[in-house]
Amino acid sequence: MVSLDEELAKVQRQLHVLQWRARDITERALHEALRRTELPGFTGEAVQKIINQVLEKLEESPFQMTNYASKTSGAAIIRSKTSPSWIGSGRVFWQSLPLMAYMRPPEVILEPDNHPGNCWPFPGSQGHVFIKLPVAVFPTAVTINHGIPAAAYHADSISSAPKDFAVYGLQEEDDEKGTLLGEFIFTPGQAPGQTFQLKNEHSGFIKYVRLQVLSNWGHPDYTCVYQFRLHGDPSHDGDARGKLSA
């Protein structure tokens, strides 16, 4: 028998999906309506500013899905299976201004404080982070947050943002392969936090998750990850959804 908590979690996920569908439809409609308006002196930059303001309001939804990749909930980084941090000059830049006098550890991506510059940088455009979850979870979606409001994006912050990335679910720490849960593209200049529905509908419960960044938006030295969130359903005694499929 399905519990009330499970039913509420299901409704919450459905509301979140509807929110993102509404966001996508709203963005397209705004682009088209403002394109047709062609008001004198109404530049493309002004149009994008209006769109960004509307999208940021849509982000202020009370229906937030539980984050199982949260440090406060007990999630932890497995350092031995995670890419090294970028050391470089010891600074990450935004709008050509240095924001960090020292490197943040990968644990920062498990925390909610993601103001500009408070990110985990790794060298180059490809890297990965291995996360131990506080409980076994049936994964349904992930959220990548780049920590910078759309209206404040600058070339520096865009180029260091993740672009192509993949998410893998694992049951054991020693699992070298894992199960691919989906490959996605993060698009800077839209909402800072972007949620992606996982595509492996036949996966079972996972105890570990690996975020694999495959490319960034052009920065030659490092890539910055601000926050990674994993959403889904926690396991319950006697749950019959089975093990993670290969």
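User: Buried means under 20% relative accessible area, exposed means over 50%, and partly exposed lies in between, with a 1.4 Å probe and only protein chains counted; what percentage of the 246 residues of the chain count as buried?

Analyst: Of the 246 residues, 46% count as buried. This is a predicted model, in which local features need pLDDT of at least 70 and side-chain atom pairs count only at pLDDT 80 or more, whereas totals for chains, interfaces and linings use all residues. Residues are numbered from 1 along each chain as its sequence is written, and side-chain values use heavy atoms, with hydrogens and water left out. As for the surface, the chain exposes about 12700 Å² (Shrake-Rupley method, 1.4 Å probe; for residues, only the protein chains shown count as cover), and carbon and sulfur atoms supply 55% of that area.

User: Which residues have the most contacts inside the largest nonpolar core?

Analyst: In soluble globular proteins, nonpolar side chains tend to be buried together. A nonpolar core is a set of buried Ala, Val, Leu, Ile, Met, Phe, Trp, Tyr and Cys residues joined through side-chain atoms within 4.5 Å. Here the largest such core has 30 residues, and those with the most contacts inside it are Ile109, Ile131, Phe165, Val167, Leu211 and Phe228. At least two residues of this core come from each of strands S4 (120-123), S5 (127-145), S6 (164-170), S7 (179-185), S9 (206-213) and S11 (227-234), and S5 gives the most, with six residues. Setting aside residues up to four places away in sequence, the neighbours that Val167 touches include Val142, Leu181, Phe184, Leu198, Val209, Leu211 and Phe228. A second, separate core of five residues includes Cys119, Tyr222, Cys224 and Tyr226.

User: Where does S5 find its partner strands, for example through the seven bridges that join it to another strand?

Analyst: Two strands pair if DSSP finds at least two bridges between them. The seven bridges join S5 to S9, which run antiparallel, and within that pairing Phe130 stands opposite Arg210. Eight bridges join S5 to S11, also antiparallel, with Pro139 standing opposite Gly232. Five antiparallel bridges join S5 to strand S8 (residues 193-197), where Gln194 is the bridge partner of Ile144. Finally, two bridges join S5 to strand S1 (residues 76-77), again antiparallel, and Lys132 in S5 is the bridge partner of Ala76. Because 15 of the 19 residues of S5 are buried, this strand is largely enclosed by the rest of the structure.

User: Which cysteines form a disulfide?

Analyst: A disulfide is a covalent bond between the sulfur atoms of two cysteines; the criterion applied is a pair of cysteine sulfur atoms within 2.5 Å. A search of the whole structure finds one, formed by Cys119 and Cys224, with their sulfur atoms 2.4 Å apart. Cys119 lies in the loop between strand S3 (97-98) and S4, and Cys224 in strand S10 (residues 222-225), so the pair ties together parts that are 105 residues apart in sequence. Both cysteines can be read for accessibility: Cys119 is buried at 0% relative accessible area, and Cys224 counts as buried at 2%.

Notes. Helices (H or I, at least four residues) and strands (E, at least two) are DSSP runs, numbered from the N terminus. Contact means heavy atoms within 4.5 Å.
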